[in-house]
Amino acid sequence: MDRNTIFTLDERDHRRGARVHLLRAMRDRRTRLRLMLLWLVATLVVSGIALILGTPWSELAGDLPWIALVAAATILGFAFGLPLLLAPLLVRQRFRREPLLREPVIAHWDEAAYRARQGGVESRVAWGTYVAWQESPDLFVLFLSDYNFQLLPKRALDAAQVDDLRMLLATR
């Protein structure tokens with residue numbers, strides 16, 4: 001089995017990778033707990049300010065569901081909507097400013113690690129180092145942390161390589 005491939009990542013790959021990363025964050029339990037805590041604190045702070053400014057409790061109690069809804073929409077908009085809207089712009093700027101991103105990637109994997117060389121930069125990451133991986137219709141996204149990931153486009157792989165990579169990732 002040939003475990004080597006050469007590919008060049010394009011803006012679309014990076015946009016798709018950012019989308020997969022964001023969707024993974026949405027499903028992450030810790031992220032949801034943090035956002036719920038932020039929502040609770042925001043609702044309490046706005047309600048407390050309204051009470052301090054003299055809004056009677058009977059009136060505030062009627063407005064509390066609306067306050068909670070606006071707080072939730074604002075938090076979700078900033079946490080997920082804004083990154084989803086800004087990701088294409090950030091990727092475009094990165095591609096314009098970082099010529100290394102347009103260099104071909106020479107990738108190799110074996111039972112122990114995934115290796116990639118792009119320009120003068122080489123990385124070797126043991127499978128156990130990845131905290132997670134996600135497969136989309138177009139990419140394998142290998143997460144080194146909650147914030148850092150590597151992309152491997154499926155267009156650079158044949159069917160046997162895709163199956164081999166799935167098997168290696170599933171066993172790690």
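Two strands count as paired if DSSP finds at least two bridges between them. The legends below apply this criterion to a predicted model.

**View 1. The open sheet of four strands has the order β1-β2-β3-β4**. Pairing in this sheet is antiparallel. Strands β1 (4-7) and β4 form the edges, and each of them pairs on one side only. On average, neighbouring strands of the sheet are turned by 15° against each other, with direction ignored. In general, the strands of a sheet pair through backbone hydrogen bonds, in either the parallel or the antiparallel sense.

**View 2. Strand β1 is joined to β2 by four bridges**. The two strands run in the antiparallel sense. Phe7 has Val105 of β2 as its bridge partner. Val105 also belongs to the covered face of β2, together with Ala107 and Trp109. The uncovered face of β2 consists of Ile106 and His108. As a general rule, side chains in a regular strand alternate between the two faces of the sheet.

**View 3. A hairpin of three residues connects β2 to β3**. Strand β2 (residues 105-109) and strand β3 (residues 113-118) are antiparallel and share five bridges. Trp109, which lies on the covered face of β2, has Tyr114 as its bridge partner in β3. Ile106, from the uncovered face of β2, stands opposite Arg117 in β3.

**View 4. Strands β3 and β4 form a hairpin with two residues between them**. Within the turn, Gly119 adopts a positive phi of about 60°. Six bridges hold β3 against strand β4 (residues 121-126) in antiparallel pairing. Tyr114, the bridge partner of Trp109, stands opposite Val125 in β4. Arg115 faces another arginine across this pairing, standing opposite Arg124 in β4.

**View 5. A further open sheet, of three strands, has the order β5-β6-β7**. Its pairing is antiparallel. Because β5 (132-135) and β7 (149-153) stand at the edges with a single partner strand each, one side of each is left without a neighbour in the sheet. The twist from one strand to the next averages 15°.

**View 6. Five bridges link strand β6 to β7**. Strand β6 comprises residues 139-143, and its pairing with β7 is antiparallel. Leu142 stands opposite Gln150 in β7.

**View 7. Helices α1 and α4 accompany the sheet of β5, β6 and β7**. Helix α1 (residues 11-27) lies across β5, β6 and β7. The direction of α1 runs at about 55° to β6. Helix α4 (residues 159-171) packs on the sheet and touches β5, β6 and β7. The direction of α4 makes about 25° with that of β6.

Notes:
Residues numbered from 1 in each chain as written. Predicted model: local features only at pLDDT ≥ 70, side-chain atom pairs only at ≥ 80, totals over all residues. Heavy atoms only, no water. Axes fitted to C-alpha atoms, helices over the stretch in contact; angles between N-to-C directions. Buried < 20%, exposed > 50% of the residue type's maximum accessible area, 1.4 Å probe, protein only. Contact = heavy atoms within 4.5 Å.
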